Structures are given as C-alpha cells and as structure tokens.
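Subject: Structure for your review

Dear colleague,

My notes on it follow.

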Amino acid sequence: MKLKENLVFLGMMGSGKSSIGSLTAKRLELNFIDIDSEIENELGISIKKIFDTKGENYFRKFEEKITLKKLKLNPVVISLGGGAFMNKNIKKEVLKNHLSFWLNWNYKTLLSRIKYSKKRPLAINAKNDELVRLIKKRSNIYSKALYEIKCDNLSKNEIVKKIVDIYETH
Ligand code: S3P
C-alpha cells in the first residue's frame, strides 16, 4: 500500500458503494467519505434538488471539484457517485494514484434496486431499457478499475472481506 493511496469504490447506482464503503472503512479503521453526501452537505440541498434547480452540468462540475479535493486526503475510503468515473479527470486520478474497486452486479439486480428510487434523478422516469443501456455503457468504463468485485451471490460481509483481503495483500 502506497502512502497516498485511498480505497475508492465505484459502480452503478444501487451497487452498494456507500454501505460497503462504510463497512470497509470501519473494518480497516479508516475514515469514510461519501461524495454524494459531501455534495449535499456543501450545497445544503439534496442531489435531486441540485439536478432540478441547477441542472446536471452544474452537478457534474461540482462533483469533479469535490471528488478531486477529497481524493487528496489519505488514506481514506471514498465512495464515488455512480457517474463520477465517467469524468476523465476523476478517472485518471483514481487510476493513477488509488486502489479502485468496481462493485459489479448483474444488471437485473441493479435495475430492481434503482427503478423505483425517488432520490436518483437519472433513474426517475427512466425506462427499463434506457437503464439497461446505461448500465452496459458504463460497465465498459467501470471495468477499468483496478479490481472488479463480482458481488452477485455474496453477502455484504463476504464482499467486505474480499476487499479487505485485497487491501491487506496489495
Ligand atoms: C448518479 C449517481 C448518484 C448521484 C447522482 C448521479 C449517476 O449516486 O451521484 O444521482 O450518474 O449514476 P449513487 O451512485 O450513489 O446513487
């Protein structure tokens, strides 16, 4: 483990980045940073409201700024928003300097988790086939992460254990 490295969780909405990230941080006794929550705290409104009132472009610019800033702290566990890794500056920094984990699930599992979400602007009103296309398109990019964790059929504890084992032997 290099000193400046953080553990970075990425993957689709509904992949458990926040819950698995926070459990991993507890297990490793590291601080946990959830980027979506940081954005909401800093702007004082929900992500949905940011999309509704300021638009997605504004959100993406803010997301880039805050993510690159938080990545400078180390070592911490960071959960990115589902779209953050699509940003080339974030992707470059994560791949160059950090340990990245893609939480990969079968698309049907992801669909069932995000379909009725009222908090996720990109999922609200989206049709199933649009979400499936988004999952497939993004999976090509998520797959650049240093580690892919195939989460189907694993319990949360088993997923965390896999990650901790990788971290400890890295
Ligand atoms: C987004 C995912 C969300 C949040 C925003 C956009 C996306 O985070 O950042 O709604 O583009 O996939 P989660 O992946 O934590 O739901």
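Helix α1 passes helix α8 in a right-handed crossing. Please bear in mind throughout that this is a predicted model. α1 covers residues 17-28 and α8 covers residues 156-169. Their axes come within 10 Å and cross at roughly 55 degrees, which means that α1 is oblique to α8. On the α1 side, the contact is made by S19, I20, L23, T24, R27 and L28. The α8 side contributes K156, N157, I159, V160, I163, V164, Y167 and E168. Sorted by class, this contact of α1 with α8 has 8 nonpolar, 3 polar and 3 charged residues.

A second pair of helices is formed by α6 (residues 107-114) and α7 (residues 128-142). Here the axes are 10 Å apart, and the packing angle is about 125 degrees. α6 and α7 are therefore oblique to each other, and α6 passes α7 in a right-handed crossing. The residues that meet are Y107, L110, L111 and I114 in α6 and N128, L131, V132 and I135 in α7. By class, 7 residues of this contact are nonpolar and 1 is polar, with no charged residues.

The crossing of α4 past α5 is left-handed. From α4, the residues E63, E64, T67 and L68 meet N89, I90 and E93 of α5. The residues of this contact divide into 2 nonpolar, 2 polar and 3 charged.

I turn next to the ligand. Which residues come nearest to it? Of the 13 residues around the ligand, these are K17, D36, R60, R120 and R138. For K17, a polar side-chain atom lies 2.6 Å from an oxygen atom of the ligand. D36 likewise places a polar side-chain atom 2.6 Å from a ligand oxygen atom. In the case of R120, an N or O atom in the side chain is 2.8 Å from an oxygen atom of the ligand.

R60 deserves a separate note. This residue is located in helix α4, which runs over residues 56-70. The side chain of R60 is joined to that of E63 by a polar contact of 3.0 Å, and E63 is also among the α4 residues that meet α5. Leaving aside residues up to four places away in sequence, R60 touches F51, G83, A84, L122 and R138. Of these, R138 is also one of the residues that come nearest to the ligand.

Finally, two points of backbone geometry may be of interest when you inspect the loops. The peptide bond from N74 to P75 is cis, with omega near -10 degrees. P75 belongs to the loop between α4 and β3 (76-79). E29 has a positive phi of about 55 degrees, although E29 is not a glycine. The loop that holds E29 lies between α1 and β2 (31-34).

The loop between α4 and β3, with P75 in it, can be viewed next.

Yours sincerely

Notes: Residues are numbered from 1 along each chain as its sequence is written. This is a predicted model: local features need pLDDT of at least 70, side-chain atom pairs count only at pLDDT 80 or more; totals for chains, interfaces and linings use all residues. Side-chain values use heavy atoms; hydrogens and water are left out. Axes are lines fitted to C-alpha atoms, for helices over the stretch in contact, and angles run from 0 to 180 degrees between N-to-C directions. Helices (H or I, at least four residues) and strands (E, at least two) are DSSP runs, numbered from the N terminus. Angles under 35 degrees count as roughly parallel, over 145 as roughly antiparallel, 65 to 115 as roughly perpendicular and the rest as oblique. A crossing is left-handed if the near helix is turned anticlockwise from the far one by less than a right angle, and right-handed if clockwise. Contact means heavy atoms within 4.5 Å. Ala, Val, Leu, Ile, Met, Phe, Trp, Tyr, Cys and Pro count as nonpolar, Asp, Glu, Lys and Arg as charged, and the others, Gly among them, as polar. A residue is near a molecule or strand if one of its heavy atoms lies within 4 Å of it. A polar contact is a pair of N or O atoms within 3.5 Å; within protein, one must be able to donate a hydrogen and the other to accept it, and residues adjacent in sequence count only if both atoms are side-chain atoms.
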